[in-house]
Amino acid sequence: MTVALSGTISFSSCIPSLSPPAPRCRFFYTGHKLLTVASMGADLIREWILSEGKATQITGTRSIGGGCINRATRYDSDAGSFFVKTNRSIGPEMFEGEALGLNAMYATGSIRVPKPLKVGQLPTGGSYIIMEYIEFGASRGNQSVLGRKLAEMHKAGKSEKGFGFDVDNTIGSTPQINTWTSDWIEFYGVHRLGYQLKLAQQQYGDYLIYEKGQMLVKNMAPLFEDAMIEPCLLHGDLWSGNVCSDKNGEPVILDPACYSREPTHVLADGHSEAEFGMSWCAGFGGSFYNAYFEVMPKQPGFEKRRDLYMLYHYLNHYNLFGSGYRSSAMSIIDGYLQMLKANV
């Protein structure tokens, strides 16, 4: 059981027009260097592997990277390998949210995700999560298979609670509020766009983007006319760094941010089209979309809503990484205000 995480991906390849944005933190494989960890925390992890993990001996530990938020370690044993993330300053709530999201996706039996096995608190402060270790292949896999499997997850993961998730989570380090809401337009306007706009106002004093963005939120309902909107389980942060394949070529997705909830990243129950909000940095091709829409038919107005879902992520990148993303967000807002004939 093992989960290796993908390599660092440059954002300059996603948006060449932007002056270099700060890269998103990723875990990356650093080779076979043995890792020394604080003994008390390591003892808890080793104890679990040697009991509930069904191992009789641990044959090695290896660092497989360090991000800006968590440390990642591979534990090898005679019962297989395990992927462990630790955080020395944040309690188990973050990893509990991540485990909820991964379990929700795993339960659909569709696309492969690493199965969470244990979340716990470190005795010296902080927390850890133990997961299945997946051996990754050399490529991102077949785009058609990825599109079909993702659509199968959306179709299988429909919620009767509405739009939201059982817990709040984060996208990057930005909080995501996942209060259950019966209306998608309200949920997306208040808890996604509205939250990011307010953050930009508070963080940068950017009243212009806040006022124009709120005007868009108030007037965006016509963009959803004739569309059937059902709450589906979303990954929520589907960019190229969160998509890979296992050694058999089957697609694997990582770091969810569900709205049916959201963990270390995004997961939740939301409109299926919101899954494509990071498409500007995902590299999805025609075969991906064709296969997806064979399972989840394209809804009327899909093209005109596309940028609306990208806007959330541009705003989040603006709030996380600074002004390099502001012009992209403002351009989308202005375009929609013109389309909808709304004026601030």
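Q: In which loop does Lys 54 lie?
A: Start by placing a residue between its flanking elements. In this predicted model, Lys 54 sits in the loop that runs between α1 (39-50) and β1 (58-66).

Q: Is Lys 54 buried or exposed?
A: Compare relative accessibility with the cut-off. Exposed means over 50%. Lys 54 has 67% relative accessibility, so it counts as exposed.

Q: Where is Asp 226, and what is its phi?
A: Asp 226 is in the loop between α5 (207-219) and β8 (232-234). Its phi is near 70 degrees, again positive in a residue other than glycine. At 70% relative accessibility, Asp 226 is exposed.

Q: How does the end-to-end span of helix α4 agree with its number of residues?
A: Helix α4 covers residues 184-204, 21 residues in total. At 1.5 Å a residue, α4 should span 30 Å. The C-alpha atoms at its ends are 28 Å apart, which agrees.

Q: Where is the kink in α4 centred, and what is its angle?
A: Look at the direction of the axis on either side of a residue. The kink in α4 is centred on Gly 194 and is about 40 degrees. Gly 194 is also one of the buried residues of α4.

Q: Which residue caps the N-terminal end of α4, and what follows the helix?
A: Check both ends. Asp 183 caps the N-terminal end. One of its side-chain oxygens lies 3.2 Å from the backbone nitrogen of Ile 185. After α4 comes Gly 205, with a positive phi near 65 degrees.

Q: What does Gln 196 touch?
A: Gln 196 lies in α4. Its relative accessible area is 0%, so it is buried. Beyond four places in sequence, Gln 196 touches Ile 171, Thr 174, Tyr 312, Leu 315, Asn 316 and Asn 319.

Q: Which helix holds Asn 319, and what does Asn 319 touch?
A: Now take the contact from the other side. Asn 319 is found in helix α7 (residues 302-321). It is buried, at 5% relative accessible area. Leaving out residues up to four places away, Asn 319 touches Gln 196, Leu 199, Ala 200, Gln 203 and Tyr 204.

Q: How many residues has the largest nonpolar core, and which have the most contacts inside it?
A: In soluble globular proteins, nonpolar side chains tend to be buried together. Here the largest core has 70 residues. Leu 193, Ile 209, Leu 216, Ile 253 and Leu 308 have the most contacts inside it. Helix α7 gives the largest share, 9 residues. A second, separate core has 12 residues, including Ile 45, Ile 49, Ala 55 and Ile 130.

Q: What is Leu 308 in contact with?
A: Set aside neighbours within four places. Leu 308 then contacts Tyr 188, Leu 193, Leu 216, Met 220, Leu 223, Phe 224 and Tyr 336.

Q: How many residues of strand β3 are buried?
A: Count buried residues along the strand. In β3 (residues 80-87), 7 of the 8 are buried, so the strand is largely enclosed by the rest of the structure.

Q: Which strands are joined to β3, and how many bridges join them?
A: Take each partner in turn. Strand β2 (residues 71-77) runs antiparallel to β3, joined by 7 bridges. Tyr 75 has Phe 82 as its bridge partner in β3. A hairpin of 2 residues links β2 to β3. Strand β5 (residues 127-132) is also antiparallel to β3, with 6 bridges. Val 84 stands opposite Ile 130 in β5.

Q: What covers the buried residues of helix α6?
A: Find the buried face, then its cover. Phe 288, Tyr 289 and Phe 293 are among the buried residues of α6 (residues 286-295). The cover includes α3 (143-156) and α7.

Conventions. Residues are numbered from 1 along each chain as its sequence is written. This is a predicted model: local features need pLDDT of at least 70, side-chain atom pairs count only at pLDDT 80 or more; totals for chains, interfaces and linings use all residues. Side-chain values use heavy atoms; hydrogens and water are left out. Helices (H or I, at least four residues) and strands (E, at least two) are DSSP runs, numbered from the N terminus. The expected span of a helix is 1.5 Å times one less than its number of residues. The bend at a residue is the angle between axes fitted to the seven residues ending there and the seven starting there. Buried means under 20% relative accessible area, exposed over 50%, partly exposed in between (1.4 Å probe, protein chains only). A polar contact is a pair of N or O atoms within 3.5 Å; within protein, one must be able to donate a hydrogen and the other to accept it, and residues adjacent in sequence count only if both atoms are side-chain atoms. Contact means heavy atoms within 4.5 Å. A nonpolar core is a set of buried Ala, Val, Leu, Ile, Met, Phe, Trp, Tyr and Cys residues joined through side-chain atoms within 4.5 Å. Two strands pair if DSSP finds at least two bridges between them.
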